Amino acid sequence: MGSATGPQRRFPSGADYAEALQHTQLCFQHPELKGARPELTKLGLPRAISGAFASVFSLTSVSSGQRYAIKCFTRHVPDQERRYEAISSRLAQLDPAELSQPWNLGFEYLPDAISVGRDRYPVLKMEWVEAVTLSSWLDDNHAHRFAVDRLADRFEALTHDLATHEIAHGDLQHGNLLVASDDTLRLVDYDGMYVPALAGMGGTERGHRNYQSPMRGNDDFGAVLDRFSAWVIFLSLKAIASDPALWNRLHEPSGEFLLLTEDDFKNPGSSTRLQTLLAHPDRTVSGLADRVRSLAFQPLDVLPPLAAAVPRQRAAATTTSTVSGGGTAAAPGTGGLPGWMTGHVSPQATPTATVPSVTAPDGFRTRTPLDVATAVLLPLMLVATVLMFVMGFSAPPIGPGVPVLAAIALATFARSRRSERAQSRAVLAELTNELAQLDDPVKAAEKLRKDRAKFDAAEAKRAAAYPRAQGKLTAQYHAELKEAERRKVRRQRDIDKKIDGLSEELQRALAKALTDKQSAFVRDQLSRRLIAQSPPHGIGPKLAARLAAAGIRTAADFTGYRSVQNTQYNSTGAVLVLSTGRVIDVHGIGEAKAIALDVWRKDLVASAKARQPTALGAPERQSIEQGIASRRAQLTAQRKAVESETDALRVKARKQMEDDQQRLTRGNTLAGDQARQQRQEFSRRAVALQQNSALHGTLSASVEAARLRQRGLSFACYVRFLYIGR
């Protein structure tokens, strides 16, 4: 019995394995698997969970009572045994105490473990875990927001474990993430896993299309394989935790995805699902969706790990609050920053607001000589006022009120000379001036929000326009190919008609050449018969001389006659028709003589035709055939030239399309770079806004405090200070 681990052997199907597993006593030699009981379907057949590369069966060992998942391969995987040995070795080195949860399942690669037919094949013996797939768990638990949010954090912790140990699963998706009864995660299907020992080797798969970056290629295989799919899954879990209704709204029953599919990554501008997440009022959700949208068009090796964004997202989730009326309140500790900014600015970047270095005095300090004099004079003036009132000095210009007014004026003057008042006014003016120079944080935040919304709309439009422009170029290219093909067919059809007509043209040319040869023979014979030497009946020497003088010497010089009416003599005459078509009237040639000449000529023509050649000579025929052959060669060359011209047009059209696509791609790349710079500018403005908000709040509080301190410098406080010193 031979081994079937090489690529030259065809692997069994899942049905073949199921048939073999009906007799585990025979198909296995492994002590724990020999005689093991498989889980059966209602039809009594071993139950299979089938995938792209393998079928998994549940077997319970008779000897140990342990339940195992047995993975039977249906396709060849290059270097399969070496890969599993490296993966098994690396996972065995992990310290369970250092892992966030027991996601690592033990397995054993068994070469030549199972017999199917006459051959033996490898299997993977794995621990069986009582758990459900992530999508099944969400079907039952999506309404439990806290549980989903906790699972999202555990998923992030799992990806952090993998990244810390330079491991990549290669196919993170809902079917390979199992949720155990304690709501911790288990990771299954290690076929495409990367560990450092496999560096330099190629990948065996590209992962589930609904979780992978459009930029992932066949050659991508390294520690960064999981980064995009991690962001996709984390976004889905956080979105469901924030808004459980999204599960039923965006997920399809039994759908091979959570909330987003491959088409959403490739065409974000036309994606209803992605646009729903981008427009979600929860800034954590919209921020993560925006991040996934931007990551979809970046190479895997530049994608940030999921752990880099989690602290910010957690902070955003705990600080965002909603105010009545549909607005968002400032998050605690953000110095008045609107809640929608949370999640766009990292709390760690929040600077401590600068506290003004100057402080307004809240009271009077040391008394001056003027204060002492005022303190002495005030009671004297009041006593004088009382005496004047008692003594009746009430008439102007001196009355009881004058000393009072003088006392008030003195106290007011003395108070105005105090340095504390000048210092208080200076501090308040300085603080007020600094506050006036700052932008209103609420207005600035609103402007930033509008600018970002406008930018996002423009980016969505650009993202949608790019594939449309590509499609337009492709359509234009195909239209040009179609038009070139149509012109080629039309021209070649015309040429083919001409080529097909060459045989008929040859026959016409041969017939014409024979006719011309016969006509030339007859003319030659007629030109040899001189009228003077063998005159027709009734034509004497004189008439022959007259005819010669008129240009008619031989039978070839005329073609016949025409009768004419002589009105002068009321008789019928005749004119002779020359071979050139001109008619002449020869004196002495009447109708009778003309008839005689015509009869004479016709007899000669008949005699010549009786002796004319009936076929062309070989040289004559060959010359005509060569001409037709040359014409055929020219038409054939023209037909080939049409094909060459069409090929050249195809090449030109393709080059034009490729040039246009490259120009379009360069423009899109440049626009993407500019968009990234604009996002950085938004982040810079957000940080500046946060700084401004914090400083604005601090200055506002300082201004209010300065105004409160001014109350300690009132007139009443000054009078109290004069006598009690505080």
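The accessible surface of this protein chain comes to about 38,600 Å², and carbon and sulfur atoms account for 54% of that area. Keep in mind as you explore that this is a predicted model. Of the chain's 726 residues, 41% count as buried.

**The overall fold**
- The protein chain has 20 helices and 15 strands in its secondary structure.

- In soluble globular proteins, nonpolar side chains tend to be buried together.
- The largest nonpolar core here holds 95 residues, and L91, I114, L134, L138, F155, I233 and L277 touch the most other members.
- Helix α6, residues 227–242, gives the most to this core, with 11 residues.
- Take a look at L91: leaving aside residues up to four places away in sequence, L91 touches W103, N104, F107, I167, Y190 and M193.
- Another core lies apart from this one; it has 22 residues, including I539, L547, I589 and L604.

**A closer look at helix α16**
- Helix α16 covers residues 502–527, and its 26 residues should span 38 Å at 1.5 Å a residue; the end C-alpha atoms are 36 Å apart, so the two values agree.
- An α-helix has 3.6 residues a turn, so residues three or four places apart point the same way.
- With that in mind, find the buried residues of α16, which are L502, L506, L510, L514, Q518, V522, Q525 and L526.
- The cover over these buried residues includes α15 (441–500), α18 (591–611) and α19 (618–710).

Terms used: Residues numbered from 1 in each chain as written. Predicted model: local features only at pLDDT ≥ 70, side-chain atom pairs only at ≥ 80, totals over all residues. Heavy atoms only, no water. Helix = DSSP H or I, 4+ residues; strand = E, 2+ residues; numbered from the N terminus. Buried < 20%, exposed > 50% of the residue type's maximum accessible area, 1.4 Å probe, protein only. Areas by Shrake-Rupley, 256 points an atom, 1.4 Å probe, with all protein chains shown as cover. Expected span 1.5 Å × (residues − 1). Contact = heavy atoms within 4.5 Å. Core = buried A, V, L, I, M, F, W, Y, C linked by side-chain atoms within 4.5 Å.
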